[in-house]
Amino acid sequence: QVQLVESGGGLVQAGGSLRLSCAASGTIFSANVMGWYRQAPGKQRELVAAISTGGGTNYADSVKGRFTISRDNAKNTVYLQMISLKPEDTAVYYCNARLVIYPKSPGYWGQGTQVTVSS
């Protein structure tokens with residue numbers, strides 16, 4: 001059973017920083033493409049950042065230069081460092097794990113962690 005547990009969300013003022021963590025279990029972590037998604041009220045879930053098994057990254061245009069995704073395969077954990085936060089970054093942030101050998105799989109999801117940025 002794959003489990004993803006996110007942590008690190010909270011309330012922060014605009015311009016502040018947060019680091020989200022997602023600890024994975026029940027899967028070969030290094031074989032997973034890991035992603036961070038977010039969903040704001042009334043909006044669809046969107047990809048924020050992803051990191052491949054080889055460490056390659058991609059980001060939504062709205063977060064480029066402000067967010068950094070990284071992974072620690074020894075700790076089975078993926079991180080999202082967020083700086084210069086804006087009120088529009090307010091959302092529930094979800095971690096996703098997808099085995100690289102199943103590119104069309106929706107993968108597994110964590111329960112989400114709330115990030116609220118006040119103006």
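**A buried charged pair**

R38 and D89 are both buried (under 20% relative accessible area; exposed is over 50%, partly exposed in between; 1.4 Å probe, protein chains only). The model is predicted, with local features needing pLDDT of at least 70 and side-chain atom pairs counting only at pLDDT 80 or more, while totals for chains, interfaces and linings use all residues. Residues are numbered from 1 along each chain as its sequence is written, and side-chain values use heavy atoms, leaving out hydrogens and water.

R38 and D89 form a salt bridge, with their closest N and O atoms 2.9 Å apart. The term means a side-chain nitrogen of Lys or Arg within 4 Å of a carboxyl oxygen of Asp or Glu. This pair links distant parts of the chain: R38 sits in strand β4, D89 in the loop between β8 and β9, 51 residues apart. Strands are DSSP runs (E, at least two residues), numbered from the N terminus.

R38 has a relative accessible area of 6%. E46, at 33%, counts as partly exposed.

The whole structure holds four salt bridges. One of them joins K64 to D61, with the closest N and O atoms 3.1 Å apart. D61 is exposed, at 62% relative accessible area. Salt bridges that share partners join R38, E46, R66 and D89 into one network.

Where does R66 sit? Its place is the loop between β6 (57-59) and β7 (67-72). R66 is buried, at 11% relative accessible area. A polar atom of its side chain lies 2.9 Å from the backbone oxygen of S62. Leaving aside neighbours within four places in sequence, R66 is in contact (heavy atoms within 4.5 Å) with Q81, M82, I83, S84, L85, K86 and D89.

The largest nonpolar core has 27 residues. Such a core is a set of buried Ala, Val, Leu, Ile, Met, Phe, Trp, Tyr and Cys residues joined through side-chain atoms within 4.5 Å. Those with the most contacts inside it are M34, W36, V78, L80, M82 and Y93. β3 (18-25), β4 (32-39), β5 (46-51), β7, β8 (77-82), β9 (91-99) and β11 (113-118) each supply at least two residues of this core. In soluble globular proteins, nonpolar side chains tend to be buried together.

Conventions
Helices (H or I, at least four residues) and strands (E, at least two) are DSSP runs, numbered from the N terminus. A polar contact is a pair of N or O atoms within 3.5 Å; within protein, one must be able to donate a hydrogen and the other to accept it, and residues adjacent in sequence count only if both atoms are side-chain atoms.
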